[in-house]
Amino acid sequence: MCKKVFKLNFNNRTIIVETKELAKQANGAVLVRYDDTAVLSTSVMGKVATTGDFFPLTVVYNERLYSVGKIPGGFIKREGRPSENATLAARLIDRPIRPMFDENFRNEVQVVNTILSVDPDCSPEMTALLGSSLALGISDIPFDGPVAGVVVGKIGKDFIINPDAKQLEMSELSLTVAGTADAICMVEAGAKEVSEKVMLDALMFGHEHIKKLCEFQEEIIKSIGKEKVSVELAKLDPQIVQSVETFAKNDILKAIVIKDKLERNQKIEEIKERTIENFTEAFASRDDVEECLKQVKKILDNIEAQEVRRLIIDEHIRPDGRKMDEIRPLDAQIDLLARTHGSALFTRGQTQALATTTLGAIGEHQILDGLGLEDSKRFMLHYNFPPFSVGETGRYGAPGRREIGHGALGERALAQVIPTEEEFPYTIRVVSEILESNGSSSQATICAGCLSLMAAGVPIKAPVAGIAMGLITKGKKYTILTDIQGLEDHMGDMDFKVAGSRKGICALQMDIKIKGVTKTILKEALAQAKKARLQILDVMENVIDKPRKTLSPYAPKIATFNINPEKIKDVIGRGGEMITKIILEASHVKTVNDKDAVKVDLEDDGRVIIYHTDQEIIDKTKKMIEDVVREVEIGAFYQAKVVKIEDFGCFVELWPGCEGLVHVSQMDHKRVEHPKDKVSLGEVIKVKALGYDNKGRLNLSIKDTLPITLKKETKRKREKK
């Protein structure tokens, strides 16, 4: 089997696709090179359909640290669990390719991307998305692609496709958009408060370039693609459908319009349980009773979904009675928790988020062991979604894809307004605890997180709020919903989350279940979201409209000053001896790890940042550091303490960290037989700075501080004259 190579010049960079050489036992495999970035993408399908009622698609994004010339940290020295970035990248690929499979497809599919080489200017995530689509496209797996994605940046008035690392730093927008040749199907964005028009133009600009990548894939698929196999699709028995609808449909239709979520869910669950019980008896004599009951459950879900869609599209009635653009009741509170540095509670209907802000030293930033150029970050947002928030029991443990993804969206939105390290030299951590959930808890997290930041005194640039929009389609008819609840999210066609300030958009995320949305729908959704966002900001700003001027008494206070960068080594001392001494003495603690120990960050540019809740300890630490770096003025006089006496002289301390030698010859105008005859240990004496010798040692003199005593004979001669 001969190796096949396909090339595309894409925005002055080269994309090379190689097939039929690597991973030949997979259903489909491609090696995609995007300049120096290289990703191996494979697709494999299970031979038979699974018995579940969902499509078992798994997308894997394997980061290999050798791709950037790194050895993994830690004791084991090999890659372990996926990093947060790998998890987010896998979600980024999953979201646009999942809608391209038939909704009744049940064979397990695994798409695995192995990152082999990374050029930081050529996105491995977008390379992997292209590779995933191609691996499925050329395979015999029934996949209705291709899809592709690009990153859009904006510098000045110009949009840039797949900006390099330097351009991305300068860009006011980082928009990842994916789609087919016909429509957009996935969006992920962070932006510095850009307008809805700019965002829409960026989306359309990105889609024009996606079309080129899809066209390139079509050529490859046409050249080497396998014929798609026929697979067994999940089907419902028409007789069972009719029987279930006759038994339960009217009851479900009545239950759907109950406004309270818990009451509605309980009623619908009772109807479903009663229906299952009835058909368990009816099908008892059948050999395929389990399969029949699975169909009954699926039919009941379909009845619920179809009625929700019909009510919204045809009658403009939402399950809880709201108008299409109406937000659920809002409430905001701050300062719920006395000992946290900042806290807030945000409630929207039956969705509730409790957020806390914690401030720490710069040295407490998160270390990143990944493929990107960034090796640490000082602002973090973590999202926790316990099962009790939806009234259920469930798994507790490490955060899953949902927690990581929702946390990343909230972090991206608020990161746009976080002050720089120079403006506010703290590490900042926001944690959102979801206490109730009925749709869009990620956007409630943004609102609560913003409130907690302002309550903590973090000088953010502007308040930020978030809202989730939905879409229900029926043929060419569609309805856009503001503030979707869980039922509308589950039954709908789009989850479109928009977060921003009064000035503009800070973050955007869109997932869809259909194969794409048009420019018209996007424009309407953005306009409707802006209206809702401003309403939420009104409620938030009634509680707190700007960051507090003072920090919590339990937050670390700060002192920042600059020293000569060459003096940093003196502050640290040999083996950290000096900085340890300063911390222990200033804080009155026994170890530097003591919770009451002062924290000191020394930056390469000579910046010194001191943190502690006690201002006196900060001041003492600052003075001790200033003493260490203080320069000796040659010819000046100082008070010094004798710390060591030798045969050749004595060593004295001018201030902590600054010592010098008074040679025996510099102790008096007359000969001194032994230094002990002149000075004693611990004595404070006056000395004059003479300068440094060729080894950098400070030489001092006592003699030059003493009056000159003339010999008697010389004195008599002067008096006679």
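Helices and strands here are DSSP runs, numbered from the N terminus. The model is predicted.

Q: Where is Asn162 placed?
A: Asn162 sits in the loop between β8 (158-161) and α3 (165-170).

Q: Why is Asn162 called buried?
A: Buried means under 20% relative accessible area. Asn162 has 7%, so Asn162 is buried.

Q: What is the phi of Asn162?
A: Phi of Asn162 is positive, about 45°, although Asn162 is not a glycine.

Q: Why is Asp35 called partly exposed?
A: Partly exposed lies between the 20% limit for buried and the 50% limit for exposed. Asp35 has a relative accessible area of 34%, so Asp35 is partly exposed. Asp35 belongs to the loop between β3 (28-34) and β4 (37-49). Phi of Asp35 is positive too, near 50°.

Q: Why does His207 count as buried?
A: The cut-off for buried is under 20%. His207 is at 7% relative accessibility, so His207 counts as buried. His207 lies in helix α4 (residues 196-224). Among the residues that His207 touches are Thr180, Asp182 and Ile184.

Q: Why does Glu281 count as exposed?
A: Exposed means over 50%. Glu281 is at 61% relative accessibility, so Glu281 counts as exposed. Glu281 is part of helix α6 (residues 261-282).

Technical notes:
Residues are numbered from 1 along each chain as its sequence is written. This is a predicted model: local features need pLDDT of at least 70, side-chain atom pairs count only at pLDDT 80 or more; totals for chains, interfaces and linings use all residues. Side-chain values use heavy atoms; hydrogens and water are left out. Helices (H or I, at least four residues) and strands (E, at least two) are DSSP runs, numbered from the N terminus. Buried means under 20% relative accessible area, exposed over 50%, partly exposed in between (1.4 Å probe, protein chains only). Contact means heavy atoms within 4.5 Å. Lists of a residue's contacts leave out its neighbours within four places in sequence.
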